[in-house]
Amino acid sequence: MGSVIIGSGRALPARIVTNDELSEIVDTTDEWIVPRTGIHTRHVAIEETCTDLGTQAALRALGLEEGGWQREAGAIDAASLDMIICPTLTADTHFPSEAARIRERIGATNAVCYDMSCACSGCVYGLSTADLIMAGAAFARLEAARTGGPMRCNDVRRVLVVAAERLSKLVDWEERATCILFGDGAGAVMLEWRDEAEAGAGGADGTAGAAGAAGAAGADAPGILSSYMENTDDVDRTLWCDSAFASREVPFAADGTTAAGTSTTDAPRLAAADAESDPYMRMAGQAVFKFATSAMIRCTEEALTRAGLTTDDVTLFTPHQANERIIRYAAKKMGLPMERFQVIIDHVGNVSGASALIALNEALCEGKLQPGDIACMTAFGGGLTAGSCVIRI
């Protein structure tokens, strides 16, 4: 049994911004940016909203729009989705969730939806959460069958994970340290739980396919083989962005009491935080580099250990694209050639939680990953968050 990737998609805004264009608004040059980051261009959303990007990536993952990758021939009915998880920092609205807005656009009328806030680790956290929820539902089905009673939770068999970001809205375009790094875009993965009983017959909709046949092969079945997630307290504000509404005033005195007369000991602290509110993303570059390289190696090794595999078993690594130097440093420490890594940062920049999903989709569409291959996705970001998952395609 397991969570199988049956579709993948990506979406990038039409506007491409070059390093030379950046040099016109901030003190930088192409010669300065490329050696330090590996970035030549990035996409910036001018007309597109976060919902637009997420919707396009989702439709491509479902095979309802050209440009995606599907395990089996034929489009996936959006109404068959049980859940949509959207890792994002830049939802178009606080509520409804970005996932709910995407649900409406694609017609996923039966999907339960919610967003996740875990910065650049959203790809791994989203996939791991979807896998765990579907595994729990599978256990509940078995238990209901054993007892003859009802299921104790939603019967979740298909989950769309779509990370969509407009980081251009969080970037201070006058700060060279951050504005050169980030771009906009979305990546999506369609996951389906395949029970052993379903493996030979195909998926939850009864369609036959390669994944069903592979599922019958047991140990060689496709799916998420393992995952690992962790958090580190960011006490030094290594990677930080204040809430956009943190500095808004409320019509009550911050005198330490509420209307009911109870103590509100957080009031002075909150008032101080409001006074220092900053609407832009801030980053301590060297500290982030140190954390990211360490986390990338540690999380990769932990996830592979949990899967009973080594780096030699991995066909392709599809890491978060924060900085090419981070990927190169980690690859060298692990004794791996760069050819084993899908690097896309040169033309998309850092797209937070969508980066690794975009990298995975490019690898699938380019044929670098075939059914049966092993992919390892590792990410790290604000929170501080980090994680990795191992996937058999």
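Here are some notes on the predicted model, point by point.

1. **Ground rules.** This is a predicted model, so to speak of local features a pLDDT of at least 70 is needed, and side-chain atom pairs count only at pLDDT 80 or more, while totals for chains, interfaces and linings use all residues. Residue numbers run from 1 along each chain as its sequence is written, and side-chain values use heavy atoms, with hydrogens and water left out.

2. **Confidence.** The mean pLDDT of the protein chain is 90, and 87% of its residues reach 70 or more; pLDDT is the predictor's confidence in each residue, from 0 to 100. Two stretches call for caution. Over residues 197-217 the pLDDT stays under 50, and the model has 36 contacts beyond four places in sequence for them (contact means heavy atoms within 4.5 Å). Residues 257-275 are also below 50, with eight contacts in the model beyond near neighbours in sequence.

3. **Overall make-up.** The protein chain has 13 helices and 14 strands; these are DSSP runs, H or I over at least four residues for helices and E over at least two for strands, numbered from the N terminus. Of its 393 residues, 52% count as buried (buried is under 20% relative accessible area, exposed is over 50%, and partly exposed lies in between, with a 1.4 Å probe and protein chains only). The accessible surface is about 17,300 Å², with 52% of that belonging to carbon and sulfur atoms; areas come from the Shrake-Rupley method with a 1.4 Å probe, and for residues only the protein chains shown count as cover. Among contacts between residues at least 6 apart in sequence, 75% join residues at least 24 apart.

4. **The four-stranded sheet.** Have a look at the open sheet with the order β9-β14-β13-β12 and mixed pairing (two strands pair if DSSP finds at least two bridges between them). Its edge strands are β9 (223-231) and β12 (316-317), each pairing on one side only. Strands β13 (residues 374-381) and β14 (residues 385-392) run antiparallel over eight bridges, and A375 stands opposite I391 in β14. Helix α5 (residues 122-147) packs on the sheet and touches β9, β13 and β14, its direction making about 120 degrees with that of β9. Helix α10 (residues 285-307) packs there too, touching β9, β12, β13 and β14, at about 40 degrees to the direction of β14. Axes here are lines fitted to C-alpha atoms, for helices over the stretch in contact, and angles run from 0 to 180 degrees between N-to-C directions.

5. Eight of the eight residues of β13 are buried. I374, C376, T378 and F380 point one way, while A375, M377, A379 and G381 point the other. With β12 the pairing is parallel, over two bridges, and L316 stands opposite A375 in β13. C376 has V390 in β14 as its bridge partner.

6. **The β13-β14 turn.** This hairpin has three residues between the strands, and G383 takes a positive phi near 145 degrees. Please check the peptide bond from G383 to L384, which is cis with omega near -10 degrees. L384 lies in the loop between β13 and β14.

7. F95 and P96 are joined by a cis peptide bond with omega about 5 degrees, and P96 sits in the loop between β5 and α4 (98-106). A119, in the loop between β6 (112-116) and α5, has a positive phi near 55 degrees and is buried at 12% relative accessibility. R237 also has a phi near 55 degrees, in the loop between β9 and β10 (239-240), but R237 is partly exposed at 43%.

8. **Strand β3.** Both faces of β3 (residues 41-44) are covered, with T41 and H43 on one side and R42 and V44 on the other, all buried. Strand β2 (residues 15-18) pairs with β3 in the antiparallel sense over four bridges, and T41 is the bridge partner of T18.

9. **Cysteines.** The structure holds zero disulfides (a disulfide being a pair of cysteine sulfur atoms within 2.5 Å). For C299 the nearest cysteine sulfur is that of C376, 9.6 Å away. C299 is buried at 0% relative accessible area, whereas C365 is partly exposed at 37%.
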